[in-house]
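Here are my notes on the model you sent over. Have it open while you read.

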Amino acid sequence: MIETKTLAGRTVRLRDVFILGFAFFATYFGAGNLIFPPQLGLSSGTAFLPALLGLSLSGILLPVFALLVINRCGDVRRLTAHVGKHTYHILLTLLMIICTFVSIPRTCATAVQLGVQGNFPDLPFTAGVLIYFAVAYFFTFDEGSVFDKMGKYLTPILALILIVVGAAGIFFPLGTPADPVVENAFVNAFLGGYNTGDVLVSFIMASLFIGAVEAKGYTTRKSRNEAMVLCGLITVILLLVIYGSLLYMGACVSGDYEQSLGRAALLVAIIQRVGGWVMIPMGIAVVLACLTTAVGQIAAVANFFSALSAGRVSYRFFVIVTAAVSAATALLGVDGIVTYIGWIYSISYPPVLALMVLGTFAKVIPNDGAYRGATYLVVIYALLEALPGLSGMAAAKAIVAVTPLSSYGFGWITPFLIGFGGGAVWGHVRRETAIGPGNEKAIS
């Protein structure tokens, strides 16, 4: 057995790392990860390298880093306990709803429209949706084997096909990149990376990811941390290779297609440009990429709500309900779902990024008032910036306009700093402390 030594003298088996790392990658790599990189490349043109850097930061490094921060804190519950005792359930419930009505149905719509109908255009869309969720149920009904099934069987095929197609697009360019149509390709791609939703995936999937690692026998803090880091490294490498190739192929056709071309249509056009030989393998890859993400997220949603009911309602019941609701939403199609995800992610991302930063510096945060102040102000700012109706009001527009860095998508940083400082002072006045590793009994 190939092994690598941990700092604690225990061993992490590379077989486990590859199986879990591939499963983590597959859970992150779904519908948005397929359709957004080519579109970002199309708008970036010759500035595809800054665009890739921006996408890599927001779409790869931030999600994996968020997962490692949550793992170091223990779980999402311990991280959110600093903000309030109900924060965990409120946050996770909202994220699971987003999964059910956005992430999971988007994977299905993308898989059927691109992966299946791209090769078999006569297949009815509704029939494809029903078949898709029947297969997803097969992989999710047994909670204990979800990640092993994904890591052993589905993901290696997916990764191999995408790497081969990506290599073909890089070594045999599809065209010559045109001048960028966006003012700042880095910022545009960084913000575009939000639309993959993968930082949210880290919060949604953290308990299942950590549980999968512990189920392999890595139960001590040090062995679990090292296993998580190695799995994260596998995820980063695979995402970087595949994102880079998809974005570059989009840049190569930037002089040939209108910017208004739909994301799904652009991906189909790129696949056709690579060559007819790639249509069926890429169709399989599209279906697998979407299916693996759906499997992981359906399992996470069912696990969370079953636990929320204290086991009174079974995991399998929530699998069926989640699949049924997501299937109904998937009937809107890719473009129908994309029309409303922008503001949802714009509201969701700043608070979870704030929690990630707070978790990173947990050891030096003086008290829980700092956590609450930073998180509350960021939530308020996110609502003012993106909530339909509220964000259109003159007062909300004025506040966002005068907030530093708002034009670059980082406006949440200012309310974070103000809330952190004000909350820390208030917490000091009230003689609060921060719930840390040495005071875990305070977390319920």
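1. Start with the surface: Ile90, Leu94, Ile97 and Phe101 make up a nonpolar patch with about 380 Å² of accessible area together. Patch members have over 30% relative accessible area and no salt bridge, with nonpolar side chains joined within 5 Å; a salt bridge is a Lys or Arg side-chain nitrogen within 4 Å of an Asp or Glu carboxyl oxygen. Areas are Shrake-Rupley values with a 1.4 Å probe.

2. Ile97 lies in helix H5, residues 87-116 (helices are DSSP runs of H or I, at least four residues; strands are E, at least two). Its 39% relative accessibility is why Ile97 counts as partly exposed (buried is under 20%, exposed over 50%, partly exposed in between). In an α-helix there are 3.6 residues a turn, so residues three or four places apart point the same way.

3. Now look at H9, residues 198-215: its 18 residues should span 26 Å at 1.5 Å a residue, and the end C-alpha atoms sit 24 Å apart, which agrees (the expected span is 1.5 Å times one less than the number of residues). H9 is largely enclosed by the rest of the structure, because 14 of its 18 residues are buried. Just after H9, Gly217 has a positive phi of about 105°.

4. Overall, the chain has 17 helices and two strands, and 55% of its 444 residues count as buried.

5. Housekeeping: this is a predicted model, with local features needing pLDDT of at least 70 and side-chain atom pairs 80 or more, while totals for chains, interfaces and linings use all residues. Numbering runs from 1 along each chain as its sequence is written, and side-chain values use heavy atoms, leaving out hydrogens and water.

Key: Patches are made of residues with over 30% relative accessible area and no salt bridge: like charges are joined within 9 Å, nonpolar side chains (Val, Leu, Ile, Met, Phe, Trp, Tyr) within 5 Å. Buried means under 20% relative accessible area, exposed over 50%, partly exposed in between (1.4 Å probe, protein chains only).
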